[in-house]
Amino acid sequence: MKLCRYGTPGNEQPGLIDADGRLRALTGHADIAAETLSPESLAKLAAIDPATLPLVEGEQRYGVPVSGTRKFIAIGLNYADHAAESNLPIPAEPVVFNKWVSCLQGANDPVVIPRDSKKTDWEVELGIVIGTRAEYVETADALAHVAGYLVVNDVSERHWQIERGATWDKGKGFPTFGPVGPWLVTADEVGDPQNLSMWLDVNGKRMQDGSTKTMIFSVAEIVAYCSQFMTLEPGDIITTGTPPGVGMGQKPEPRYLKAGDVVTLGIEKLGEQRQDFVAWQPRR
């Protein structure tokens, strides 16, 4: 299934994308949230004939596909060739940091370049959505705790990430830096998460072209690893690293985003995103 939440910010409604790519309203059903992601709840939704659901006409905004996410966890340097372009060694264990949940937003919402930023960068990533609580999980059992997957643009401000001390989190959670979706695709529909092509364009030029095949740590290994030192809860999102081609790694010089740039990205089976990058403006 492809599950989504559509509508204006703060007023999103649960929906489902049918086999023909049309949006159907999950009228009368609970929002797509932690309690919806258990195997039992997903099975009930899967049993619904989409043809019986109201068709939603017209252009719609897709919000964050899961409501009430409590943790937005990220894994860094999880592709060997991206580590190389970053001039960093391949990690012996997953590099874990946080993206603040306050940066989560819809897949096609504008992204605000932070005040005085000169190094705002892009990263197409596979996102994991946790479906059942996971503590001290073994790798062999880890995928049973995954409800599904989604596209993430791990937008990053490299000056704050790298040059302002050792804590990556500072460059990762600016407002609007977490576009996810447009929908959550359940694990049964995705199949093998280690065999998905992924891409990202800036102003129509292909910058990233990779595959989850080249991840250093697999989805199962990441879920198991994180569960050793935190409780993974339904609705938590883990974004799993990016292939090469980020702005920081461009040759002969890095290339960072500016107001007016348009970023499009996608992952096989999971859909596509489009973001207009805009200048920061003081709140009124």
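Colleague: Where is Lys269 found?

Modeller: Helices (H or I, at least four residues) and strands (E, at least two) are DSSP runs, numbered from the N terminus, and in these terms Lys269 is found in the loop between β17 and β18, where β18 covers residues 271-279. Please keep in mind that this is a predicted model, in which local features need pLDDT of at least 70 and side-chain atom pairs count only at pLDDT 80 or more, while totals for chains, interfaces and linings use all residues. Residues are numbered from 1 along each chain as its sequence is written, and side-chain values use heavy atoms, with hydrogens and water left out.

Colleague: What is the phi of Lys269, and is Lys269 buried, partly exposed or exposed?

Modeller: Phi of Lys269 is near 75°, which is a positive value in a residue other than glycine. For burial, the reading rests on relative accessible area with a 1.4 Å probe and protein chains only: buried means under 20%, exposed over 50%, and partly exposed in between. Lys269 has 43% relative accessibility and therefore counts as partly exposed.

Colleague: How do I read Thr176 in the same terms, starting with its phi?

Modeller: Phi of Thr176 is also near 75°, again positive in a residue other than glycine. Thr176 is found in the loop between α4 (158-162) and β12, and because its relative accessible area is 14%, Thr176 is buried.

Colleague: Another backbone feature is the peptide bond; is the one from Gly181 to Pro182 cis or trans?

Modeller: The bond from Gly181 to Pro182 is cis, with omega near 25°, and Pro182 has its place in the loop between β12 (178-179) and β13 (184-186). The peptide bond from Lys251 to Pro252 is cis too, with omega near 5°, and Pro252 is placed in the loop between β16 and β17 (262-267).

Colleague: How should I read a strand residue, and which residues is Asp121 in contact with?

Modeller: Begin with its place and burial: Asp121 is found in strand β8, which covers residues 120-121, and with 0% relative accessibility it counts as buried. Contact means heavy atoms within 4.5 Å; leaving aside neighbours within four places in sequence, Asp121 is in contact with a list of residues including Asp154, Arg158, Val246, Met248 and Tyr256.

Colleague: What joins the side chains of Asp121 and Arg158?

Modeller: A polar contact is a pair of N or O atoms within 3.5 Å; within protein, one must be able to donate a hydrogen and the other to accept it, and residues adjacent in sequence count only if both atoms are side-chain atoms. Such a contact, of 2.8 Å, joins the side chains of Asp121 and Arg158. The side chain of Arg158 is also joined to that of Gln161 by a polar contact of 2.8 Å. Gln161 lies in helix α4 and is buried, with a relative accessible area of 3%.

Colleague: Which side chain makes a polar contact with the side chain of Thr120?

Modeller: That partner is Ser117, at 2.7 Å. Thr120 is found in strand β8 and counts as buried at 0% relative accessibility; beyond its neighbours within four places in sequence, the residues in contact with Thr120 include Ile113, Glu157, Phe177 and Phe277.

Colleague: Turning to a whole helix, how many residues of helix α6 are buried?

Modeller: Six of the eight residues of α6 (residues 219-226) are buried, so this helix is largely enclosed by the rest of the structure. Among them are Val219, Ile222 and Cys226, and the buried residues of α6 pack against β4 (72-76), β9 (124-130), α3 (139-142), β10 (146-153) and β16 (237-239).

Colleague: How many helices and strands does the protein have?

Modeller: The protein has six helices and 18 strands. Its radius of gyration is 18 Å, close to the 19 Å from the globule rule for 284 residues, so the protein is as compact as a globular protein of that length; here the radius is taken over C-alpha atoms, and the rule is 2.2 Å times the number of residues to the power 0.38. Buried residues make up 56% of the 284 residues, and among contacts between residues at least 6 apart in sequence, 75% join residues at least 24 apart.
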